[in-house]
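Q: I am new to this structure and would like to learn how to read it. Please show it to me, and then we can go through some features.

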Amino acid sequence: MKYYGTIIGSSLLSALLAILGYHAFVGPQEVIIRETHPSRYTAYAEDIIEEIQPRTFLSAAPTDFSKAAMAVTPAVVNIRAIQTGFIDRWRGSRTYGSASSGSGVVISPDGYIVTNHHVVEEGNFILVNFSDKREMKAKVVGTDPSTDMALIKVNAEDLSYLAFGNSDSLNIGEWVLAVGNPFDLSSTVTAGIVSAKGRSIDILEGTDRIESFIQTDAAVNPGNSGGALVNTNGELIGINTAIITQSGRYEGYSFAIPANLARKVVKDLKEYGVVQRGVLGVFIDNVDHDIAEELGLPTVEGVFVTRVTPGSGADEAGMQKGDVILSINDIKTKSLPEMQEQLGRYRPGNTVRVVYFRRGKSYTKDILLKNKTNNTAIITADEQNTLLRLGFDIRELTKQERKVLEVDGVKVVSIVRGSVVADTKMDQGFIITHVNERRVSDVKQFMRLLERARGQVMLSGVYEEFEGEYYYVFEK
């Protein structure tokens, strides 16, 4: 027993001397987890470039979420979109119809609020309720169904607000908070982790739709649409927009629009009333195992180019059908949604660096983005609304088309079924050379003539495949 006591005593003494020596020579150390993601840049125009700063805070499970929740909840509001009926001028009363309700996030002290398009689309009378019980009327600045976003405005000053954070630096498995303001609960805060990024769930409509959602398991229920998704530092890194459910209630899958995409959409709506889409000029599809094997790709990743639009930036840069886009501005595009999100951050006239794969080699090109009409002009809200109302899209003629056809004009690239233009029996590919017998040289002049036209409008022009001139008439 005496022998064992000596051994135990020696061991304890050795351990104590080791600890004292460590503290004497090494001293205390602080371990800080620092994000190593480089700064990302979102270019809106040549003279408007905003730097998105990387995060440098400890992003792990905290003991509680109270600090982030306290910072965020005053900036998350309830929104009611009411469809008003007639006004009884004798009684001085207004008749109210149906109403929808959701949440919104105040993004500036002077009253700009971001929410979902589907929250406000059915209403013509918008009411905003704040966490301090104040109620204000709001006007719609602009909406974007392609991303399910809307920007509204109240007349106020010194409001609590949230600035957009950097959604690129968000990691899968990271803790996040979903903050909403459903009308009957005033405010809700739920916690979860990031389950995935770049998710597409086929809930949006239209050819311009961008679905690259942040998926989380934070509980989001009806009434929380348009609310804030924030990290543990209280930074706005997404706008909650949808859930997948069989019951109509939360079942573990919620989705948010990434902050870096939302920031650009909001900026465009604020400045122009409509989103300016930067178009690369390619038709794309996801890469599957068969395509990867056939092309000799090292991994089943990237975006497969199925067609290149003549005269587009991609065409002018030499891209071809069969190329695989690997990255845009040094950010990998592993899937179609991820590529759409990256391009969605830019305007016509911006240049992006594209890395693509062809016949066993990678190529890098700086490509000029254009708009849907194949030029770099800014499209106004009135112009877009006119084309949407009539139901067709147009683009500039390429140099080759002008040379072969020996005409000036604009080309119809798509027609919406059941629209005003569709009823004229016009076909896709029609080249419009005149509006009411006035010559058309380009898209800008065409839109100007179309806007000025009143009553009956006659569009005349030619087809590449058929001889002769064709005429189509509709009432504007």
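Q: Which residues form one aromatic cluster?

A: F430, Y463, F466, Y470 and Y472 form it. The model is a predicted one, in which local features need pLDDT of at least 70, side-chain atom pairs count only at pLDDT 80 or more, and totals for chains, interfaces and linings use all residues. Residues are numbered from 1 along each chain as its sequence is written, and side-chain values use heavy atoms, with hydrogens and water left out.

Q: How many aromatic pairs does the structure hold?

A: A pair of aromatic rings is described by the distance of the centres and the angle of the planes. Rings of Phe, Tyr and Trp (its six-membered ring) pair if their centres lie within 6.5 Å; planes under 30 degrees apart are stacked, over 60 edge-to-face, and the rest tilted. The structure holds eight such pairs. Y463 and F466 are edge-to-face, because their ring centres are 6.0 Å apart and their planes stand at 85 degrees.

Q: Is Y463 buried or exposed?

A: Buried means under 20% relative accessible area, exposed over 50%, and partly exposed in between (1.4 Å probe, protein chains only). Y463 has 6% relative accessibility, so it counts as buried.

Q: How many salt bridges does the structure hold?

A: Side chains of opposite charge can pair when their charged atoms come close. A salt bridge is a side-chain nitrogen of Lys or Arg within 4 Å of a carboxyl oxygen of Asp or Glu. The structure holds 20 of them. One of them joins D144 and R277, at 2.6 Å from N to O. This pair links distant parts of the chain, 133 residues apart: D144 is in strand β7 (residues 135–144), and R277 is in the loop between α4 (259–272) and β15 (282–286). Helices (H or I, at least four residues) and strands (E, at least two) are DSSP runs, numbered from the N terminus. Both D144 and R277 are buried.

Q: Where do K264 and D268 lie?

A: Both lie in helix α4, four residues apart, about one turn of the helix.

Q: Is K370 buried or exposed?

A: K370 is buried, with a relative accessible area of 8%. K370 forms a salt bridge with E316, at 2.9 Å between the closest N and O atoms. E316, at 54% relative accessibility, counts as exposed.
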